[in-house]
Amino acid sequence: MVSYEVYKIIHVLGIMILFLSIGALFYTAFNKIQLDKKQKRPWLIMHGVSLFLILLGGFGLLARIGISGGFPTWVWLKIIIWGIFGGLIMLIIKLPQISKVLYLLTIILGFFAIYIANYKPFL
Ligand code: HEM
C-alpha cells in the first residue's frame, strides 16, 4: 500500500516540476524569445507530467486522510486551481504580452493552493 508520505512526495515533486516548466516559458515570454515547436516540446511534456503527478499525489493523499467521494469545498478549490494551472501554459505561450500579470497570478494561485492545503478553509 502506498503511504501518505509517498503520495505527498509525488504531490510536491509534481508541484516543483510544474513551476519549473512554467518558469522556463515565462523567461522566454519576458524576453520575447520565439521558441519553435521542437524547443517548446520538452517544457510542455514536463508540464503535462507535473499535472499528472500532482493529481496522482493529491488524490492519493485524499484517500490516505480518509476523504473519498463527496469532496469538501477546499478540495474543489484545489481541483479548480489545478485546472487553472493546466490552462495557464497556453496563455503564457499565446499571450506573452500579459505574461507579467500571469506571473503574478501564478504566485497568488500557488499561495492559495498552499494555504488551502494547510488551513482547509470552508471545510
Ligand atoms: C487535484 C488537485 C489537488 C488535490 C486533490 C490536492 C490534494 C491535497 C491533499 C489531500 C493534501 C494533503 C493535505 C493534508 O495532508 O492534510 C495536499 C497538500 C498540498 N498541496 Fe495539494 N492538491 C491538489 C492540487 C495542488 C496544487 C495545484 C498545488 C500547488 C500548485 C498544491 C499544493 C499543495 C501543497 C503545497 C501541499 C502541502 C504539502 C505539505 O504539507 O508538505 N496542491 N494537497
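**Pockets and an iron site**

Author: Let's start with the second largest pocket: the largest share of its lining, four residues, comes from α1. Keep in mind that this is a predicted model, where local features need pLDDT of at least 70 and side-chain atom pairs need 80 or more, while totals for chains, interfaces and linings use all residues. Residues are numbered from 1 along each chain as its sequence is written, and side-chain values use heavy atoms, with hydrogens and water left out.

Reader: What counts as a pocket, and which residues of the second largest pocket lie nearest its centre?

Author: On a 1 Å grid over the protein atoms alone, a pocket is an open set of points where a 1.4 Å probe fits, with protein on both sides within 12 Å along at least five of seven lines; lining residues have an atom within 4 Å of a point. Here 15 residues line the second largest pocket, and Thr28, Ala29, Ile33, Ile93 and Pro96 lie nearest its centre. Two or more lining residues come from each of α1, α3 and α4.

Reader: How many helices and strands are there?

Author: Helices are DSSP runs (H or I, at least four residues), as are strands (E, at least two), numbered from the N terminus. This protein has four helices and zero strands.

Reader: And what lines the largest pocket?

Author: Its lining has 27 residues, with His11, Ile15, Lys78, Ala113 and Ala117 nearest the centre. The helices α1 (4-30), α2 (37-64), α3 (73-94) and α4 (99-119) each give two or more of the lining residues.

Reader: Which protein donors does the iron atom of the ligand have?

Author: Donors are N, O and S atoms within 2.8 Å of the metal (3.2 Å for Na, K and Ca), with water not among the atoms. For the iron atom of the ligand, the protein donors are His11 (NE2) and Lys78 (NZ), 1.7 to 2.0 Å away. His11 sits in helix α1 and Lys78 in helix α3, so this pair, 67 residues apart, links distant parts of the chain.

Reader: Why is the arrangement around the iron atom octahedral?

Author: Six donors count as octahedral if opposite ones are over 155 degrees apart and all others between 65 and 115. The six donor atoms here subtend angles of 79 to 178°, which makes the arrangement octahedral.

Reader: Is His11 buried or exposed?

Author: Buried means under 20% relative accessible area, exposed over 50%, and partly exposed in between (1.4 Å probe, protein chains only). His11 counts as buried because its relative accessibility is 12%, whereas Lys78, at 23%, is partly exposed. Across the protein's 123 residues, 33% are buried.

Terms used:
Four donors count as tetrahedral if all angles lie between 85 and 135 degrees; four count as square planar and six as octahedral if opposite donors are over 155 degrees apart and all others between 65 and 115; anything else is irregular.
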